[in-house]
Amino acid sequence: MKARERSPRRLRPRLLGGFTRRRWENDTGNQTVDPVRVMHAGGVDDLVAAVGEARDAHLTVRCAGSGHSWSDVALTTGYLITPEELTGVDVADPSLLVASADAGHLVCVRSGTTIREVNAWLDGQKLGLIQMGGFDGQTFVGAAATSTHGSGVTFPPLCDYIRSVDLVDGTGACRRIEPAGGVTDAAAFARTRPGWTLDQRDDWFDAAICGMGCLGLIASAIIEVRDRFELTEVRTLSTWTQVKADFGAGAPGRYEHYEVYINPYARGKGALEHRCIVTTRQPPGTDRGSGHRPIIPELLGDLPWITALIMRLAGAIVPSLIPVLLDTSLSAITSKGYTNVSYRVFNIGSANNVRAYSAEMAVPTANDVHIEAMDRVLEVAEEYRRRGAIYHTSPISMRFVAPSRASVSMMEGRETMMIELIQLVDTDGGMEILAAHEEALADLGVRPHWGQINTVSAAELVGRYPRRGEWDGARRALDPDGLFAGPFSKRVGITARGVRC
């Protein structure tokens, strides 16, 4: 089947020298590329055809997902595939599973399916994702491919809930990749999938689940889910001084889900303090709380231009008001209890409507490195405010994630605190201050989120991922000619700059 061309949402025509090219841009417009060709994929045959055509043309090929990465991770100058019709969720085929597999909690997600669509389908089956982040607009597979996460010291990132990956490799071969002793019955798979290869090996699987699009074109993944459940969310005002003491007393481990938002600017009469909101999520008890979050912040989120306008005017006229506005926003979202089905509680709500971008830094919690890292972040924020009137236009978040098995996950091999530095679109100096934070944390072993703003080079990543060699070996085996290379992979040293464009 020949891969078809079409013009999806995030593509617009450009007229260059008499030939129409279509520019792809991500959700916030900070990443753009003019690919040689845009392809639509609705099935595995289309992916195989795309790889074959790219090989014949000596061009690269990548799948763009939903465009919610703010880094250059999705870009390709060759063939760009949009998977909007490679969608759907279904129960994993029980005839292909080993007898020991928990078939009732294994579902197959096609690679163009958003987390929102996954949640809707699971809810109808009285099932639910075990964990998710605060936004549901990404494709599940795309989010997992960059190790997107939620918050809770016992919950690893999304990629760790994948049990099997179906992909087309750089030679055009169709493969199912699983860990050793995976969920697929080898004999049944061989009978049912002629022409496919079942690879049950830990090194390839640990690379493929967080592959950033560099190991193959993923058609679908089997993920583990659980029975439908509810959570109660409580948001409490605190200070950075108190939160640090709570960290030392083990607070993140006392709750299923725990995260902190902090105003990067200290305020107050007398002793200055950084105001914080501590968010906890637990199974509901006898006091179920409200069925909705605070109304006013949710209404403002549904009118995102108001929030953006207020912050833009403050930044242009009275920048010193920004810390006051950030304190006000934190106070507004306090909640004694909000109870709902899990995916509605995980999702942070209408705040996702505000146009923003962010960088996110993974720091280890061992030896209180995460506390030192946050103190440095606050120092950098204050320095930029004092010297250049450059401000953060959103609170900073701290979220906790269990170690990941994925060989180049930001959480590989260690309990991690993720520091997310959020800026509203059009923030003056926003990108510059994010780069400054990245530089300030470099010697703490920080691992920047692959899918968010980062500036790291190949040299700067040396030593940060102990299993990088294992991941590189899997990539070379599955993509021997660098077909899935792109600007991102070349920048961070995954593929050589000499590989095809």
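Salt bridges and their setting

Reply: Glu382 counts as partly exposed, at 27% relative accessibility; in this scale, buried means under 20% relative accessible area, exposed means over 50%, and partly exposed is in between, with a 1.4 Å probe and protein chains only. The model is a predicted one, in which local features need pLDDT of at least 70, side-chain atom pairs count only at pLDDT 80 or more, and totals for chains, interfaces and linings use all residues. Residues are numbered from 1 along each chain as its sequence is written, and side-chain values use heavy atoms, with hydrogens and water left out.

The side chain of Glu382 meets that of Arg385 in a salt bridge, at 2.5 Å from N to O. The term stands for a side-chain nitrogen of Lys or Arg within 4 Å of a carboxyl oxygen of Asp or Glu. Arg385 is partly exposed too, with a relative accessibility of 26%. Both residues belong to helix H11 (residues 369-388), where they are three residues apart, about one turn of the helix. Helices (H or I, at least four residues) and strands (E, at least two) are DSSP runs, numbered from the N terminus.

The count of salt bridges comes to 32. One of them links Asp166 to Arg176, with the closest N and O atoms 2.8 Å apart. Asp166 lies in strand E10 (residues 162-168) and Arg176 in strand E11 (residues 174-178), so this pair ties together parts that are ten residues apart in sequence. Both Asp166 and Arg176 are buried. Another salt bridge is formed by Arg201 and Asp203, whose closest N and O atoms are 2.8 Å apart. Here Arg201 is partly exposed, with a relative accessible area of 34%, and Asp203 is also partly exposed, at 25%.

Arginine side chains also sit over aromatic rings. Arg193 lies over the face of Trp196, 4.7 Å from the ring centre, and Arg447 lies over the face of Tyr465, 4.9 Å from the ring centre. Such a placement is counted if NZ of Lys or CZ of Arg is within 6 Å of the ring centre and within 35 degrees of the ring normal.

Next come the contacts between rings. Rings of Phe, Tyr and Trp (its six-membered ring) pair if their centres lie within 6.5 Å; planes under 30 degrees apart count as stacked, over 60 as edge-to-face and the rest as tilted. Ten aromatic pairs are counted in this way. Trp240 and Phe247 have ring centres 6.0 Å apart and planes at 80°, so they are edge-to-face. Tyr255 and Tyr258 have ring centres 6.0 Å apart and planes at 25°, so they are stacked. Trp240 and Phe247 are buried. Tyr258 is buried as well, at 2% relative accessibility, whereas Tyr255 is partly exposed, at 30%.

The strands come next. An open sheet is formed by eight strands in the order E18-E15-E17-E16-E20-E21-E19-E22, with antiparallel pairing. Strand E18 (335-341) and strand E22 (447-448) stand at the edges with a single partner strand each, so one side of each is left without a neighbour in the sheet. Two strands pair if DSSP finds at least two bridges between them. Strand E15 (residues 230-239) and strand E17 (residues 275-282) pair in the antiparallel sense over eight bridges; Arg235 has Thr279, in E17, as its bridge partner.

Two loop residues have backbone angles to note. Most residues other than glycine have a negative phi. His58, not a glycine, has a positive phi of about 55°; it is found in the loop between helix H1 (44-57) and strand E5 (61-63) and counts as exposed, at 54% relative accessibility. Ser147 likewise has a positive phi, near 65°. Its place is in the loop between helix H3 (140-145) and E10, and Ser147 is buried, with a relative accessible area of 0%.
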